[in-house]
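Here is a friendly tour for someone new to reading protein models. Take a look at the structure first, and then we will walk through it together.

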Amino acid sequence: MGAYYEFKLPAKILSGSEALEHIPHELNTLGAFRPLLLSDEGLERVGAVKTVLNALAQGGMTAVETFCQIPPDSSIQVVNQVAALFRKLGCDSLIALGGGSVIDTAKGVGMVLAQEGHDLMASAGCEVLPRGKHVPFAAIPTTSGTGSEATIVAVVADPEKKVKMEFLSYHLLPDLAVLDPRMTETLPPRITASTGFDALVHAIEAATCLQRNPVSDAFAEKAMGQIVRALPVAVREGKNRKARMVLANGSLLAGAAFSNSMVGLVHAIGHALGGVCKVAHGDAMTILLPAVMAYNLREGTCRERYSELLLHLAGPEVYAATPAHRRAEEAISFLETLRRELAQACGLPETLSDTGKVRKEDFSAVAKTALNDGAIIVNPAQADYNDIIAILEEVWS
Amino acid sequence: MSQRTLKTGLQQATCTLVAECLVRALQYLSTADSQIRAEAHAWPSGKTLRLEVPGAGGFTVTGTPWGFKKLDKETPGDVTIRFKSPSDAFRVFTGQMGVAQAYAQHKFVLRGDMALAMPFVRCVDITEGYLFPDLLAKRLLKRLPEKEVSTARVYGSILLGGR
């Protein structure tokens, strides 16, 4: 753990039954009355957008416009388009309803508006931007995965370069993180599993990478315990609101953890697989996690920390029954078992070939892109081009 | 002059000196080390990277097929790394802290596309492997690079202006 750390606590959290109905009051206290609601077509189709609009109406608030054309992998162009729409309509706040793509788009829009610019690319960087103009922003996650409602990170694609750009700024954090069980209970099992595994990877990488600190450890350790217990239940019983809320809170805690301690090699390679081969982020995380943990272990890092994590993952009985020198390997084995269980329950991919989106010829481009991903800096073990190729080979089939 | 001001001034002067040594070492290793040569060769054409230390100015480099090249003093960077304080930069430039540790401990900010900074970071890591004794380099780097020329030769090139 480093000698110095910084930690920004997450947004105000509205978590639980009928949390949506509190949004108008909260936005009003932030001086906002004319929100632009951002979402995607899928959520509009299943009625989630309508549920939010009804909840706003109960508090006397109407969205000036509802923009539902945000694609699964949003881009810089979409961000710039929405920022222009926000200005044209005279909106004063943002409500993002969706998964990582929608929330990160809203963050990008907020950043463009705050800097009074027109192009998100002008705001690229890490911790460099001044606050600028404050645009009140409520994030309503509809998956329990990205934790974006509690992070200072926005990932937005640059289609021309075939990369996912990472924007980091403390001013990207939403004002409100709204966790309402109605928003995740219709999520299909396959997506619940994939996004839930993403949240688990956030917790594990946050708890092990070079930027970890005492506060992020606390968030991450709590998060991983909640996620591993609630995820299989939420996959099997989608309407189980208790499991859904535990998972949603776990995802938020993991988001707050990694937002302040960053993530490592799983994400560096995962971002590259997303950028080059369009592998869904959660699927990439699921496939890579055990192999990258094993790699970190082989490189002589993380043994002590992975051993400690067994307690939070598998519980005190398993931890106590496992000899100290086997706990790190047992933690990896626990995650492989969880993944297999989820794969059998809903078809979660376990290998790259399972995704049907990657060709071995892509490995070189993936490895080169991963090497230039900022997440690789704080991974405990060094990884070069050949190491990444070896990991990709390992998870191929 | 207060003791604090004197200390800051010395730190800034040290950073200026070490930055010049670093650039010269990079220029030399662009021809002598295959990994740095490959990074310079693959550098996006015309893109610039600037490194700044508060109160001590900075330098701007670009990669070319012939190696890293230092540009005019005030050339802006497409990507700029700026240390938050002279003491932060001093710790990194004097081998008390590696680049990864400095990043993890918020010692600098970055403006621009991080992907452009990553090849430079890798090159600095390799260069530190040459410049610092193994015992010290092991504390700074996750993995020691394989040296393709002697450390004495790199220091010699610094004295000769990076040739």
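In which sense do strand β1 and strand β2 of chain B pair? Strand β1 (residues 48-53) and strand β2 (residues 57-64) of chain B pair in the antiparallel sense, over 6 bridges. Strands here are DSSP runs of E with at least two residues, and helices are runs of H or I with at least four, numbered from the N terminus. Two strands pair if DSSP finds at least two bridges between them.

Before going on, a word on the source. This is a predicted model, in which local features need pLDDT of at least 70 and side-chain atom pairs count only at pLDDT 80 or more, while totals for chains, interfaces and linings use all residues. Residues are numbered from 1 along each chain as its sequence is written, and chains are lettered from A and ligands numbered from 1 in the order in which they are written.

**Strands in chain B**

β2(B) also pairs with strand β3 (residues 67-70) of chain B in the antiparallel sense. The table sets the two pairings side by side.

| Strand pair | Bridges | A bridge partner pair |
|---|---|---|
| β1(B) and β2(B) | 6 bridges | B:Leu51 and B:Phe59 |

β1(B) and β2(B) form a hairpin with 3 residues between them. In that turn, B:Gly55 has a positive phi of about 80°. Another hairpin joins β2(B) to β3(B) through 2 residues.

**Two helices in chain A**

Helix α4 (residues 76-89) and helix α5 (residues 100-114) of chain A pack at an angle of about 60°, with their axes 9 Å apart. The axes are lines fitted to C-alpha atoms, for helices over the stretch in contact, and angles run from 0 to 180 degrees between N-to-C directions. α4(A) and α5(A) are therefore oblique to each other (under 35 degrees counts as roughly parallel, over 145 as roughly antiparallel, 65 to 115 as roughly perpendicular and the rest as oblique).

**Domains and chains meeting**

Chain A is divided into domain 1 (12-183) and domain 2 (189-394), with bounds from an automatic or database domain assignment. Their C-alpha centres lie 26 Å apart. Across the boundary, 23 residues of domain 1 of chain A are in contact with 26 residues of domain 2 of chain A, where contact means that C-beta atoms, placed from the backbone, lie within 7 Å. The largest share of the domain 1 side, 3 residues, comes from β8(A).

How many residues does each chain give to the contact between chains A and B? Chain A gives 20 residues and chain B gives 18 residues. On the chain A side, β5 (125-126) and β8 (163-168) are the elements that give two or more residues.

Technical notes
Contact = placed C-beta atoms within 7 Å.
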